[in-house]
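Please examine the sequence and the model before working through each solution.

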Amino acid sequence: MIQVRKLVKRFGLKTVLRGLDFEVQPGEFVALLGPNGAGKTTFLRILASLSRPSLGDVTVAGHRLPGEAAAVRARLGVVSHLPLLYGDLTAEENLRFYARMYNITNHETRITEVLEMVGLENRHRDLVRTYSRGMQQRLAIGRAVLHDPDVMLFDEPYTGLDQDASSMLDEVLKTVAAEGRTVVMTSHDLARAEDLATRFDILSRGVIAASASREQLRQSNLLSFYKEALAG
Amino acid sequence: MEQKPVALKALDALSVILLGITVYLALVFAPTEAVMGDVQRVFYIHVATAWVGMLGFIAAIIPAVVYLRTQNLKWDRVEVAAIEISVVFFFLAIVLGSIWARPAWNTWWKWEPRLTTAAITELLYIAYFMLRQGIDDPDRRARFGAVYTLVAAVSVPITFMSIRWIDRTLHPVVIGGSNPGAEGGFAMTADMRIAFFFALFSFTVIFVDLFWNRIRLGELQEKVEQLKLKVTM
Amino acid sequence: MTVKITEKNRVETVQLSKVGGRNYSNFLRAVGAVVWKDLQAEFRSRELFTAMLVFSLLIILIFNFALDLDIQTRRSVTAGVLWSTFTFAGTIGLNRSMAIEKDRGCLDGLLLAPVDRSAIYFGKVLSNLAFMLIVEVIVLPIYSILYNTNLLQPGLLGVILLGSIGYVAVGTLLSTMSVQTRTRDILLPILLFPVVIPVVIAAVQASNGILTGAEASEIRPWINLLVAYNVIFLAVAFMLFDYVVEE
């Protein structure tokens with residue numbers, strides 16, 4: 001679903017990603033872990049077609065970036081730590097707006113369905129401005145799955161959420177993953193990632209330093225695997 | 001530290017010599033203008049500085065376009081070099097223009113199309129540098145800089161034209177119109193023409209010299225940054 | 001294209017029309033969506049509109065005392081006062097309109113949609129233009145009442161429309177840049193004003209001509225200039241907008 005070969009990303013003189021290789025099979029849920037400043041967000045923004053690679057090949061959902069960005073965007077759902085929602089619109093209106101941008105024809109039924117899925121069906125006529133952080137984040141996920149994407153990217157979705165909101169988000173994420181979508185999620189919260197992901201990749205010094213599936217990891221625990229990868 | 005290329009050194013020397021000759025031609029060789037007297041001599045340098053300002057303004061367009069196509073920061077340095085030179089020379093042109101305007105039109109400043117356009121261009125440049133200063137990411141800085149350079153390049157000719165039209169349509173032709181310096185104008189003698197065209201020529205060479213030096217300086221700056229980065233890593 | 005998905009043990013279909021193509025109706029739909037979204041949000045909060053309108057009235061108030069707008073002076077400065085007002089009030093509108101996109105990361109949301117970037121540009125141009133025109137249409141009768149003149153003349157309205165288009169065409173491009181800088185609160189007027197000087201010149205001259213009952217032949221060059229400026233800058237912004245939003 002995602003193939004990345006020798007990806008390099010520079011910001012001026014600073015090289016953030018140094019020849020990164022990365023591959024995700026359909027249906028995998030990959031947790032991308034790493035310390036702050038390792039380049040997780042940068043990497044995800046490149047996969048999301050929001051940032052151009054300096055060098056290297058990136059293919060998402062069968063289309064190359066940045067050349068076929070429009071085709072990638074149509075099959076991609078992105079959730080970042082910002083909700084990407086308009087405060088002065090209601091939840092329903094936000095979704096209706098994005099439905100038009102994605103050219104979804106039966107949007108009214110789809111919007112109801114999505115609101116139900118993220119558990120906001122009772123608040124759909126309230127302004128997003130009045131939502132709590134957790135509700136905004138759930139609606140942001142609703143926004144991202146609206147056009148039924150094959151690939152989903154989550155950039156630190158738990159940022160700023162309290163315990164309750166986090167566990168509700170867990171449920172939503174599990175639903176999303178259960179629908180057979182391919183998911184890449186960055187996080188610095190190992191416990192959350194351990195709950196959800198089927199594979200764990202450690203991003204360090206601009207490359208994937210280590211990668212292990214849930215099965216491979218069964219013997220050791222995630223924390224020691226993480227620490228080893230960063231030390232190595 | 002790499003050596004300065006020989007060609008550039010030669011060009012530096014040539015520029016200094018040409019500047020010397022230009023000053024001689026303007027201040028000594030050219031005859032004193034009958035009506036305005038010696039102050040008219042500033043005219044040779046004034047036009048030459050404005051000319052360099054314009055060269056820089058036009059020269060910035062090409063790297064801006066190429067940068068947007070290639071996203072190679074090298075072109076951003078070329079663009080900045082051209083604009084920096086243009087800023088300085090337009091400023092000189094405006095100041096010298098005022099010095100010339102004082103005896104010619106009896107005022108320091110006249111809202112004359114060329115002078116006003118030069119001033120507006122200076123303001124555009126200030127905006128350009130403020131824009132760049134507000135951006136940390138070098139790629140974005142270069143991108144926005146190139147976009148603004150192109151927007152400015154399109155707007156300045158229109159601005160010049162519209163300021164000229166004000167004179168044509170609403171006011172009687174006070175100054176300018178198609179005939180530059182209708183008031184304070186003068187006919188050039190052959191010697192004046194020599195001084196005038198020589199000044200244009202030598203300032204063009206000076207422009208090339210400065211441009212080259214400034215681009216080289218940009219490259220060295222980048223190298224220093226790179227070395228600094230290596231040391232801290 | 002129809003995709004089957006399973007969701008909570010339920011089969012539902014999401015119908016996507018063919019996406020990714022650059023066809024005309026897709027483009028217009030995206031432009032429409034952006035405009036609708038901006039107007040809907042503004043209709044609810046009225047933040048932008050209120051700020052622009054109050055600001056406009058305050059500028060007129062200041063001009064009133066600064067220029068001592070008696071009957072004689074008024075005749076010659078009305079066009080100037082109007083366009084200064086629109087120019088200044090326009091920047092707060094543009095600033096706010098783009099800040100909304102930046103606030104909750106919405107600009108990224110727009111960019112993630114499979115639509116042409118220029119659709120986003122034209123959508124923002126149309127909604128910014130709508131805000132500006134609404135404010136102008138309210139300022140004109142108020143000015144007319146305050147100074148006992150009639151500014152609601154078709155010719156003047158046409159000039160205001162043309163001038164506003166040019167102003168917004170450049171303003172939308174530049175405000176998209178300025179909100180992405182550290183100095184976003186102060187940068188827009190500095191970037192914008194030197195570029196829109198031709199609009200101000202032409203609009204003031206044309207408005208003056210109309211208000212003083214000048215010959216059509218004197219006004220027409222300015223109208224032509226405004227039209228040319230609008231065409232040129234809409235084209236320039238159309239070509240450059242990608243570089244302002246894409247990384």
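**Exercise 1. The contact of chain C with chain A**

How many residues does the contact take from chain C and how many from chain A?

Solution. The model is predicted, so local features need pLDDT of at least 70 and side-chain atom pairs count only at pLDDT 80 or more, while totals for chains, interfaces and linings use all residues. Residues are numbered from 1 along each chain as its sequence is written, and chains are lettered from A and ligands numbered from 1 in the order in which they are written.

Step 1. Chain C supplies 31 residues to the contact and chain A supplies 33 residues; two residues are in contact if their C-beta atoms, placed from the backbone, lie within 7 Å.

Step 2. On the side of chain C that touches chain A, two or more residues come from each of β1 (2–7), β2 (10–15), α1 (24–45) and α4 (106–112) of chain C. Helices (H or I, at least four residues) and strands (E, at least two) are DSSP runs, numbered from the N terminus. The most is given by α1(C), with nine residues.

Step 3. Sorted by class, this side of chain C has 14 nonpolar, nine polar and eight charged residues. Here Ala, Val, Leu, Ile, Met, Phe, Trp, Tyr, Cys and Pro count as nonpolar, Asp, Glu, Lys and Arg as charged, and the others, Gly among them, as polar.

**Exercise 2. Domains of chain A**

State the domain assignment of chain A and describe the contact of its domains.

Solution. Step 1. The assignment gives domain 1 (1–68 + 151–232) and domain 2 (76–148); such bounds come from an automatic or database domain assignment. The C-alpha centres of domain 1 and domain 2 of chain A are 24 Å apart.

Step 1. In the contact, 19 residues of domain 1 of chain A meet 16 residues of domain 2 of chain A. On the side of domain 1, β7 (151–155) and α6 (163–178) of chain A are the elements that give two or more residues, and α6(A) gives the most, with six residues.

Step 2. That side of domain 1 of chain A has 14 nonpolar, three polar and two charged residues.

**Exercise 3. Strands of chain A**

What is the order of the strands in the open sheet of six strands in chain A?

Solution. Step 1. The order is β6-β7-β8-β3-β9-β10 (chain A), with mixed pairing; two strands pair if DSSP finds at least two bridges between them. β6 (76–79) and β10 (207–213) of chain A are at the edges with a single partner strand each, so one side of each has no neighbour in the sheet.

Step 1. Strands β9 (residues 199–204) and β10 of chain A run antiparallel and are joined by six bridges. Within this pair, A:I202 has A:A210 of β10(A) as its bridge partner.

Step 2. Helix α1 (residues 40–47) of chain A packs on the sheet and touches β3 (29–33), β7, β8 (182–187) and β9 of chain A. The direction of α1(A) makes about 155 degrees with that of β8(A); axes are lines fitted to C-alpha atoms, for helices over the stretch in contact, and angles run from 0 to 180 degrees between N-to-C directions.

Step 3. Strand β1 (residues 2–11) of chain A runs antiparallel to β4 (residues 55–60) of chain A, with five bridges, and A:I2 is opposite A:V60 in β4(A). Eight bridges join β1(A) to the antiparallel β2 (residues 14–24) of chain A, where A:Q3 is opposite A:E23.

**Exercise 4. Two helix pairs**

Describe how α3(A) packs with α5(A), and how α5(C) packs with α8(C).

Solution. Step 1. Helices α3 (residues 91–101) and α5 (residues 133–145) of chain A pack at an angle of about 25 degrees, with axes 10 Å apart. This makes α3(A) roughly parallel to α5(A); angles under 35 degrees count as roughly parallel, over 145 as roughly antiparallel, 65 to 115 as roughly perpendicular and the rest as oblique.

Step 1. The contact is formed by A:A91, A:N94, A:L95 and A:Y98 of α3(A) with A:L139, A:G142 and A:R143 of α5(A). These residues divide into four nonpolar, two polar and one charged.

Step 2. Helices α5 (residues 117–147) and α8 (residues 216–245) of chain C pack at about 105 degrees, with axes 9 Å apart, and are therefore roughly perpendicular to each other. In this pair, C:R117, C:S118 and C:Y121 of α5(C) meet C:A237, C:F238, C:F241, C:D242 and C:V245 of α8(C).
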